Structures are given as structure tokens and as C-alpha cells.
Amino acid sequence: MNVAQYFLNGAANVLSVAMISGFVMSNGQATTTASGPTTTGGMPVASGVGVNAGKAYLTFETIPGFFLQDDPTTNPATFDYTASNFGLIDRSYPTDDDSSSRKTQWQRFNYYVDQLNHGSGHNVQYRLLFIGRHSEGYHNAEESFVGTPAWNCYWAELYGNGTAVWEDPSLTPFGESQAMKAHNYWQQLIETQKITPPDAYYVSPLARCLETANITYAGLPLKSRHPFIPTVKEGFREGISIHTCDRRSSKSWIAANYPDFIIEPSFSETDQLWNGITAETSSAQAYRSKLVLSDVFDNDQSTIISITTHSGEAASLLGVLGHIPFSLVTGAIIPTLIKITTVREKPTPTTTQPWTTQSWCTNGPPVASVSGICTCSGGMLPVAASPIISPR
Ligand SMILES: *[C@@H]1O[C@H](CO)[C@@H](O)[C@H](O)[C@H]1NC(C)=O
Ligand SMILES: *[C@@H]1O[C@H](CO)[C@@H](O)[C@H](O)[C@H]1NC(C)=O
């Protein structure tokens with residue numbers, strides 16, 4: 001297994017990878033990490049994403065044909081998981097038998113997935129992931145309120161506006177109702193469809209995800225073998241920009257507010273990744289997504305796994321999993337069936353782009369942003385200045 005926490009110093013264009021060596025796997029066996037990155041022709045090359053002490057790696061495929069969200073004709077903007085049985089397509093499975101007519105679609109699909117795993121052999125596993133985006137937070141409300149250019153280039157670099165706080169924001173009342181809707185929908189499907197709920201839960205460390213997962217899953221009629229005790233993992237956080245909503249709270253804050261949640265052992269007390277000047281590139285984020293997924297699948301044999309994350313990180317995970325692009329609206333949850341193959345070779349290095357400096361209009365709105373570049377008022381050029389973070 002390879003649990004690497006990495007960050008880049010954008011100003012110097014140096015890729016530095018902080019390895020967590022001696023990490024102890026759930027079976028108690030200490031593992032080592034893969035070697036650090038090298039630089040070739042100015043392009044940093046991240047280490048390969050390995051498992052089994054760097055002797056193997058995992059490949060991921062999405063198996064289409066079971067969910068509406070795998071179908072390119074489904075419109076993500078209008079797709080409502082609560083109006084479509086989580087998108088599960090009405091169809092037959094090779095494992096249907098005489099008793100199938102008395103079973104629900106979810107019972108038959110859950111059985112099919114179990115049987116896939118029974119016959120899959122040592123190097124292949126099938127998993128059913130429920131990937132959820134957090135419900136509406138104060139940062140989402142503020143972006144809608146001021147518009148995307150003024151949000152990206154000014155307001156997102158402040159921690160709030162005197163009324164609302166959007167640094168590591170909490171859910172708005174509407175966001176809470178979206179998560180409650182998810183809770184009620186799970187409850188309904190457990191009772192009427194006999195759906196198998198997740199065996200394991202993972203959550204981004206940002207407050208909006210902790211809150212969404214808690215409202216969604218706490219108090220459901222779950223089997224005692226699979227209680228809702230999520231693991232908080234840094235790797236599932238949002239793509240890191242200079243926006244204050246991407247800055248997480250401390251480990252102590254999470255532990256005090258969610259005492260039943262497990263926080264992964266390598267988790268640092270304060271946020272070591274958000275620096276307010278440089279932003280993670282999409283290739284660096286995809287590398288992180290591969291790391292976190294490999295870590296989860298290598299250490300957790302659960303078939304059904306819930307991940308509560310963000311729009312950008314969900315898109316990155318879906319990309320790494322070979323799913324077609326599918327943008328989640330706030331509060332949406334989509335299941336996806338994936339096939340994981342263990343390749344018993346050393347992983348090849350992954351190339352990632354270094355983090356890039358982001359600039360903003362410190363003189364405030366009005367601002368016009370054209371394809372990500374801020375155009376400030378009064379002819380001012382955007383500056384790479386530290387955002388205004390909360391005094392804590
Ligand atoms: C602050 O932001 C919130 C959330 O977008 C908004 O409802 C409120 O009107 C804003 N307040 C001020 C003073 O701009
Ligand atoms: C999490 O959910 C439980 C059960 O509904 C509730 O008692 C608790 O207050 C919630 N925690 C937070 C921090 O919202």
C-alpha cells in the first residue's frame with residue numbers, strides 16, 4: 001500500500017511528497033510506501049500508486065448497463081436519484097432464477113453483485129460505490145447570490161460576509177433538508193425495496209460532507225454488523241483552490257463534533273495542503289484520487305461502499321474509475337458498479353502537473369472572469385495575495 005500525502009510548492013515549482021512510512025494496515029502488518037517522485041524535463045512525475053508494498057497496483061473499470069447515470073443520454077442536471085430508484089435500470093440479470101419474480105430489482109441486483117464476487121477469482125473484485133455530493137453549503141448559496149465571476153475572483157477569497165461564513169462552511173437550512181431527503185429515501189428503499197445499505201462509509205474531512213453524511217445515514221435501520229461509523233479521509237476532500245471553502249478545520253474540531261467518526265491515522269491536526277496561493281491541478285487531483293481509492297480498496301474488503309464528497313472530487317473519482325462524466329447536483333447520490341483488477345507488477349510512475357498560482361481581485365467587485373482569469377475593476381491586475389481567513 002502506498003499512502004502518500006503530497007503537496008507542491010507552486011512558487012518554486014517543486015514537487016514534494018511527504019511519505020507516511022510505517023503506516024499500519026488494518027491487519028496489523030506495517031507496510032512501506034513507494035519511492036518518491038522524480039523530475040524529468042521539468043515535469044514532476046509522481047510515484048506510481050502501488051499496493052502490497054509497491055509490488056502490485058489496482059486498475060479500475062466502471063461496468064455500464066446497470067444504472068441510468070452510465071448512459072450518455074441521461075441529463076445529470078435534471079436526474080433525480082429519488083425519482084428513479086437510484087438510477088437502477090429495470091432489467092434481468094444472469095443470476096435471476098424462479099424466485100426472482102418475488103424479489104425487488106435491488107434484491108436481485110445486490111444478489112448479482114455478490115455472485116460476481118464469488119466467481120471472480122483472486123485478482124478481480126466487484127464493488128458497488130455510492131458516491132454522494134454534499135448538500136448545499138453557505139459557499140454554494142453565496143456563489144448563486146453574487147454570481148460566479150465575483151465569487152471566484154473576490155468573495156471566495158474571504159471567509160464570509162459578516163452574516164454568513166463560508167470558510168469550511170456548514171450546510172444551509174436548504175442543504176439540511178436535501179440531506180434529510182437522502183435519509184428518508186434510504187429509509188424507504190431499505191423498507192420497501194430491501195436494498196442492501198452500504199457495508200462501509202467514507203467521508204471528506206470538510207464540514208459540509210461530515211454534516212451531509214451524518215444526516216443521511218445516522219439513525220437508518222442498518223444491520224448491527226455494518227453500523228454507520230464513517231472514516232474521515234483527507235484524500236476525499238475537494239480539489240484544493242485558494243477559496244476559503246477548501247480550507248479544512250482541525251482534526252480536534254472534527255473529533256469534538258463527530259466523536260463517533262474514525263479519523264484516518266495519517267490525518268494531520270491542521271490543514272497541511274491548503275496554502276491560499278497555489279491550487280491543485282486536475283492531474284494532481286486525479287493522482288490523489290487514485291491514491292485514496294487504492295488505499296480504501298486495498299484495506300477494506302466491503303462490497304458496498306459509500307463515499308460522501310464534493311462536485312470536483314466526485315468528478316475526479318469518476319474519471320479515475322472510468323465512468324462517463326456525470327456532474328452531481330448538490331445532495332445527489334449515484335451508485336456505480338466497478339471492477340477492480342490487481343496487477344502483480346510494480347506500478348509505473350504517474351505524471352502530474354505542478355500546482356499553479358491563483359490570483360484574485362483584492363479591490364472587490366465588480367469583476368468579470370473570462371475562462372478562469374479574473375478581470376478586476378479599475379484596470380487592477382489580479383494579485384496572488386493570501387485570502388482573508390477567519391481569525392481562529
Ligand atoms: C451574505 O451571504 C449570504 C449567503 O449568500 C447572503 O444571504 C447575505 O445576504 C449576505 N449578506 C450580505 C450583507 O451581503
Ligand atoms: C449527527 O447525527 C446524530 C443523529 O441524528 C445527531 O444526534 C448529532 O447531533 C449529529 N451531529 C452533528 C455534529 O450534527
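Asn-85 sits in the loop between S5 and helix H1 (105-118), where helices (H or I, at least four residues) and strands (E, at least two) are DSSP runs, numbered from the N terminus. The model described here is predicted: local features need pLDDT of at least 70, side-chain atom pairs count only at pLDDT 80 or more, and totals for chains, interfaces and linings use all residues. Residues are numbered from 1 along each chain as its sequence is written, while chains are lettered from A and ligands numbered from 1 in the order in which they are written.

Although Asn-85 is a residue other than glycine, its phi is positive, near 60 degrees. Asn-85 counts as buried because it has 20 C-beta neighbours inside 10 Å (buried: 20 or more other C-beta atoms within 10 Å of its own; exposed: 12 or fewer; partly exposed: in between; C-beta atoms are placed from the backbone).

Ala-53, also not a glycine, has a positive phi of about 55 degrees. Its place is the loop between strand S4 (43-46) and strand S5 (57-62). With 14 C-beta neighbours inside 10 Å, Ala-53 is classed as partly exposed.

A cis peptide bond, with omega near 0 degrees, runs from Pro-365 to Pro-366. Pro-366 belongs to the loop between strand S14 (356-357) and strand S15 (368-370).

Turning to the ligand, Glu-211, Asn-214, Ala-218, Gly-219, Asn-257 and Tyr-258 surround ligand 2, a residue being near a molecule if its C-beta atom, placed from the backbone, lies within 6 Å of it. This shell comprises two nonpolar, three polar and one charged residue; Ala, Val, Leu, Ile, Met, Phe, Trp, Tyr, Cys and Pro count as nonpolar, Asp, Glu, Lys and Arg as charged, and the others, Gly among them, as polar.
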